[in-house]
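Trainee: I'm new to this one, so could you take me closely through a single part, the disulfide bonding, and then show me how the rest is put together?

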Amino acid sequence: MVINISLFLKIQYHGYGVEQFIVKYFVILIMVKKTHFWNSYYFLLLIIVIVAALLRFWDYGNIQFMHDELSALFRLQYDSLGDVIRYGVIEGDTHPAGVQIFLYYWTMIFGFSEMAVKLPFIVAGLLSIVIVYEIAKIWFDDITGLFSAVMLASTQFFVMYSQTARPYISGLFLTLMMVYFWSLYFFRKRKVIYLVFYVLFAALSAYNHHFSLLFAALVGITGIFLIDRKTILPYFLSGITIFVLYIPHLPIFFAQLNKGGIGYWLQKPDPAFFTDFLSYLIHYSYILLIIVIGVIIVLLFTGKQVSFRKQLSKRLILLIWFITPILIGYIYSVLVNPVIQYSMLIFSTPYIYIVLFSFHRKVPHKVIRLLVFVLLVANVLTLIYQRQHYKVYYHQPYEELFKTALLENDNVTVIDDCVGYYHEYYFNKFSKEAPFITKKDIGEGLCVFDSVVSAIKTDYVVTHALTGEELSIVKQYFPYQKGYKDGFTYEIYTFCRKPEKGTKESESLVTYDNLTSKKGNWKDLSDYIVCDSTEDTYYYIDNQEWGPAIELSFDTILKREAGIIDFSAQIKLNDESGKVLLVIAVTDSDKETIRWKGINIAEYCPEKDIWTKVTVSSDMHGVILNRSYDDKTIIKANVWNVSKKPVKVKDLKLTVRPLNKMRYNLY
């Protein structure tokens, strides 16, 4: 006997609510062989969720922690929850306490391994797919829900944050649950139980992230325009209850607000942020964009015609939900302090999908199956091959650093910018230790760094997160490069003291001037060349402001696929008070400076009448990424004798290091 599932549920479970949300999926699975399940929308949803699970659990044991995840775990290393909140949240973070509290108890039970920590976030990501389907179904229909579910299941935005133990996918899950019960209340039946669960998930959203709090407030305000006289009191009380539940967190909120956010490292956005974000949502793929548009067109012109006018108010609400957080984040970032990132827009993004896929006719089921398959496959293929998600995301800086140091080398010292907990974590993970130097412990200044590196006893060093100037100091003591790795946000070098098979120079020489020979069109300073027979060397000596210099086309760097320029020289001061800078500048066709960096020889703590090697390093990734160059863009390297006191200069070199094409690939 064939049983109609929808009729069964309608008979057994009146209305819509928690019982429907939980029970119907269990009933479907139990009775699957006796129903038309294989030809239903729920079967398609099941396929979507299975694909989503495969994408998120792929090579599960080898998913590495990102920096932000390790930072969150580090901020759990206190003896009590009170200290976690005081030091790990208020003083050490800019996010609400919700996820940190959850992780405190979760890791207490299940430990700190990547698999254990990431599991609840992956589960939250999978549940979000089902919930968005249910929300779209309440607002419009199953077809809208299916295609919205496909986008959440298979685009990198949602796959990556499902695999990341931070308050983004958790916030998506909580805000979706909030909207689900809010939608039941306004579009199905005004039951108090729906308001109860709406209040619960709205409060949890407020504790999760400041932007999920913002989104919860936006949804709450929207309800004011939908209530009637009979429901104004319970809805008003629900808003008061949410605020009361949030009161314990207010001291944390105001303390973090006074800190000013994260603007010390995040740049202000420009108008391109909006188009970049939309491009990110479609994997920066024109092919995927065409497929998405094609799916929408087929949905619009296939099947029986329907009227779209009745649902315009709903679409307007959803558009407001999508656009408002972006505008608020952007305006705040421009006028007050930079805070906006793609991650914090995850809470409002699903609603643009619901709007886009709500425009369709009564499409035959076989067409829906085909379109779901096409869109799902297109997303998956561009995720894997164009976005290279598993190549980029699965290689994070700290694990790659310690793998290189601990598993590939012996007699090695690690030089990095980690907090101590990161070392402990990976020493425990790999059951092996190595001496390490972290810049966070030794203080600032190239002189201090030089003294620490000069005292290293091992024959090898592995470096991460060093400036070009610091790297040049390391190479003075470890001049031979044994290995190099790069990836998302990292370049890892392995250096050794003595030449070995396979070692090489770590940079490529572009131009030089050692006064007896030169490569490139250097400024003619032949009148100032001195031959010192006592030192058997040549050098420039001059008290003019502008010393040795060279200009070259930016294309010279691009052709070498170079990302970082190092300009170095040997400098000797006759007067310790002399101020001399090495400068690298990039100018466009209008002679406007688009990048400038100079370093004072004083930072290297030179001694009077002693030759000191000085290096200035300039990262060209930003210029290349922003495409702020053209064929007339010029790179200029020069010696700037600011004090105009006599100075000796020799051995000028301009070298380049590889362009790390994956540094920003995740975004």
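**The disulfide and its surroundings**

Mentor: With a disulfide taken as two cysteine sulfur atoms within 2.5 Å, the count here comes to one. Keep in mind that this is a predicted model, where local features need pLDDT of at least 70, side-chain atom pairs count only at pLDDT 80 or more, and totals for chains, interfaces and linings use all residues. Residues are numbered from 1 along each chain as its sequence is written, and side-chain values use heavy atoms, with hydrogens and water left out.

The bond runs from Cys 447 to Cys 605, with 1.6 Å from S to S. Look along that bond and you'll find a torsion of about 110°, so the disulfide is right-handed. Cys 447 sits in helix α24 (residues 446–454), while Cys 605 is in the loop between β13 (593–600) and β14 (612–619), so the bond ties together parts that are 158 residues apart in sequence. Helices (H or I, at least four residues) and strands (E, at least two) are DSSP runs, numbered from the N terminus.

Now step back to the whole chain. It has 27 helices and 16 strands, and its C-alpha trace spans about 105 × 55 × 50 Å along the principal axes. Of its 667 residues, 52% are buried. Take a contact as heavy atoms within 4.5 Å: among contacts in the chain with a separation of 6 or more, 77% link residues 24 or more positions apart.

Next, the inside. A nonpolar core is a set of buried Ala, Val, Leu, Ile, Met, Phe, Trp, Tyr and Cys residues joined through side-chain atoms within 4.5 Å. The largest one holds 144 residues, and Phe 147, Tyr 198 and Trp 321 touch the most other members. Apart from it there is another core of 49 residues, including Ile 415, Leu 446, Val 510 and Ile 624.

Beyond residues up to four places away in sequence, it touches Val 295, Leu 299, Phe 357, Ile 368, Leu 371, Val 372 and Leu 375.

Ile 368, in helix α19, is buried as well, at 0% relative accessibility. Leaving aside neighbours within four places in sequence, contacts of Ile 368 include Tyr 41, Leu 44, Ile 143 and Leu 146.

Definitions and conventions: Buried < 20%, exposed > 50% of the residue type's maximum accessible area, 1.4 Å probe, protein only.
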